[in-house]
Amino acid sequence: MKKTAFLGALTVSGLVAGAAAAATLEDVQERGNLNCGVSTGLPGFSAPNSAGEWEGFDVAVCRAVAAAVLGDPTAVEFVPTTGQTRFTALASGEIDMLSRNTTWTFSRDNDLKFEFVGVNYYDGQGFLVPKALGVTSAKDLDGATVCIQTGTTTELNLADFFRTNNMDYEPVPIETNAEAQQQYLAGACDVYTTDASGLAATRATFETPSDHVILPEIISKEPLGPLVRHGDNEWGDIARWTLNALIAAEEYGITSANIDELAEGTNNPEINRILGTEGNLGEMIGLDSDWAVRAIKAGGNYGELFERHIGESTPIGLARGLNAQWTEGGLLYSPPFR
Amino acid sequence: MSDTHAQTVRFVRESMLPEQEPPLAESGVLKWVRENLFSGWLNILLTVLSLAFIWFVLSHLLPWFLNSVWSAGSLSECREIRDEVFGPDASSACFAVITDRWHQLVFGFYPPEFYWRPIVALLLFLAAMAPVLFAGIPRKALWFSAAAPFLIYFVLWGGTIWGPLAVALGFVVGYATFVGLSRFNALLATLGAIVVPILYWLFVAGPLAGALASVLPIGLTFVPSDDFGGFQLSFIIGMAGILLSLPLGILLALGRQSNLFIINKTSVAFIEIIRGVPLIVWLFTASLLLNYFLPPGTNFDLMLRVIIMVTLFASAYIAEVVRGGLAALPKGQYEAADALGLDYWRSMRLIILPQALKISIPGIVNTFIGLFKDTTLVVFIGLLDPIGLSNAIRASTEWNGIYWELFVFIGLMFFICCFSMSRYSIYLENKLQREHR
């Protein structure tokens, strides 16, 4: 039957090829689920639990969009993608959006023809060293052996950092984070470098985390965010404003606990506009007025998601840092809902 | 004792001496050890070194295995239990991850309430393979083997039963066309047997299944390919590749030997191109490149794409192995088959292939084992086979940091399968042994 479907699809493909490019929203609503690309496994961001349900900070963005569009945060088909397959999967239409700790860069945005809809986590590359090494700054790492994942931007950032500081290093190429942990613990390298969130997650798994320190220097900017294809701005707007709604909800104190109460109407017009009791914002992006209520209810506002999946109460234990609201000295800043 | 001897011989022992124990150093374990392990200074040295090496390995591995923790909710819990029971510095395996996640490593994301379906499919598969593998089972059971692929597809993926039935009917249609047309012309019959079923599958099978399903909705809950994972995925890809690549490989080998120009050159080109490019490249072609060729919105099942690529890859290798078997046959066999007046297919079927395949068994099984293990390469295109799932399991906050335990379990599963294949190949070789060596 699969073969029949495929060959049949080939024959009529010429007819539908033009129509399929736009109107992702209709496709998703017709299909009844959202195809969301996630990582094959990154602690805190996306991983299946023992019941086979995907969980994590990136996964939560997919669920919020599904809740806004379809009214059901579980109506998501998660497509695990690797670093190599993620962009093709999005470009070819296999997935509707990609939420896979992907760094927003110029060439990805323009050359690869994608649209980053925002930033859900501001990351940066850092260094993890054993305390016994006695190093307190990345500037002291001259001559160190460094475990580094091949084929990523971290490799290039590392080369840049050591060149600008006139230092030498010896790279130990590794493939996965799990392999890096083994190599680092076995002493095959003095330093492990990757995104600071990854370092924190890795350090948390060690038997004695306090024997290892993450150096204060962050040597690159890694704004991670969800992205969609070029060519369907309406769909991009839905993803962007769903993310903004989560961020704004935290700013205005809308939580999954009090949202039902607030949705009955408040005397703050901004909250009312987000929650659809005033104005017609939902209509403007092709959804109903409750879209943001459902998105926030899916897992809570940005702060709640952060605390549940990667925050200080979890084993990963990341501090808010750059990812605090702008009112708290961070970079999260949602444009007004008006 | 007879009397005659009593006169001539002064002393004859009348009863046997009881058997004596051989000297201690010339019997039993001691003798074996002395002869095999300590027979000269070089052997003594090697024995001592080997013993030291074995002790070194075991002294590290055994405590790790023996101190293993089997029930805990996370790696840190594992460590707490170890600290309590064995002391803080003891080396200890945390097999609790297997207890917690074995169902994922085996079944992937297949819905737990339907776990019986892959198990039934496995039993069907074994039952279908039995008549093929063992000659002792009645030949009529082969009909079941022919029907099994459709049945197994239905059990695993579910959906309406009419889909697989409608596809199976295509083969009946093809056979009927062949029989019907062969009265007129053999070539026409062959062409008809290929073209008519394809037309049937393209235009009739789908609507027919749909119509039947709406009249008589019999079926199981549909499980999409995305839910397949773990060892189940490896097994399905591996076994589908193995079963499909053998006939294709034999045809390619015959094609390469053929005198017909186009068939010969096509087979050579196919084999050389497929074999000259690494499997991982073909997998990337299946997952990435095809997406660009196919129109947007076409969702051609990734698992099916991978099975096709793996089959093509293995068939090129099988073709070369079988060609080795064909080349090993003396020319006299071919000439004898011709002299008997057999046509090409009969001479191949009755004379040449049985001998050539027998020679090729070790090579074929070797290729199959290699193929089965190569299925783990699908991890690079984002399919969650056991290796891919081990990464996903490590990404959960409970099990982040666990490493060898997962590999030990995955290795064990693959070993069981590959070792049984290898044993079967030895059994088959012995059974088919006709030479008097």
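Which residues does Val306(B) touch, not counting residues up to four places away in sequence? Val306(B) touches Ile237(B), Leu283(B), Ala286(B), Val378(B) and Leu383(B). Contact here requires C-beta atoms, placed from the backbone, within 7 Å of each other.

The model is predicted: local features need pLDDT of at least 70, side-chain atom pairs count only at pLDDT 80 or more, and totals for chains, interfaces and linings use all residues. Residues are numbered from 1 along each chain as its sequence is written, while chains are lettered from A and ligands numbered from 1 in the order in which they are written.

Val306(B) belongs to the largest nonpolar core, which holds 167 residues. A nonpolar core is a set of buried Ala, Val, Leu, Ile, Met, Phe, Trp, Tyr and Cys residues joined through C-beta atoms within 7 Å. A residue is buried if 20 or more other C-beta atoms lie within 10 Å of its own, exposed if 12 or fewer, and partly exposed in between; these atoms are placed from the backbone. Val65(A), Ala68(A), Val191(A), Leu246(A), Ala295(A), Cys94(B) and Val306(B) touch the most other members. Helix 13 (residues 302-328) of chain B supplies the largest share of this core, 16 residues. Helices (H or I, at least four residues) and strands (E, at least two) are DSSP runs, numbered from the N terminus. Another core, of seven residues, lies apart from the largest one. Among its members are Trp162(B), Val167(B), Ala205(B) and Ala209(B).

Ala205(B) and Ala209(B) are also among the buried residues of helix 9 of chain B. Helix 9 (residues 186-215) bends by about 50 degrees at Val204(B). The bend is the angle between axes fitted to the seven residues ending at a residue and the seven starting there. A proline, Pro207(B), follows within four residues.

Leu165(B) lies in helix 8 (residues 162-181) of chain B. Leu165(B) counts as partly exposed because it has 17 C-beta neighbours inside 10 Å. Its C-alpha atom is separated by 11 Å from that of Ala213(B), 48 residues apart along the chain. Pro138(B) sits in the loop between helix 6 (116-133) and helix 7 (142-157) of chain B. With 7 other C-beta atoms within 10 Å, Pro138(B) is exposed. Pro138(B) and Ala72(B) are 66 residues apart in sequence and, C-alpha to C-alpha, 50 Å apart in space.

Chain B divides into domain 1 (38-99), domain 2 (160-220) and domain 3 (224-435). Domain bounds come from an automatic or database domain assignment. The centres of domains 1 and 3 of chain B, taken over C-alpha atoms, are separated by 37 Å. Eight residues of domain 1 of chain B contact eight residues of domain 3 of chain B.

Chain A is assigned domain 1 (25-120 + 225-324) and domain 2 (124-221). Their centres, over C-alpha atoms, are 31 Å apart. Nine residues from domain 1 of chain A and six residues from domain 2 of chain A form the contact.

In chain A, five of the six residues of strand 9 (residues 144-149) are buried, so the strand is largely enclosed by the rest of the structure. Strand 9 pairs in the parallel sense with strand 10 (residues 169-174) of chain A over six bridges. Pairing requires at least two bridges found by DSSP. Gln149(A) stands opposite Ile174(A) in strand 10 of chain A. Strand 9 also runs parallel to strand 11 (residues 191-195) of chain A, joined by two bridges. There, Val146(A) stands opposite Val191(A).

Key: Contact = placed C-beta atoms within 7 Å.
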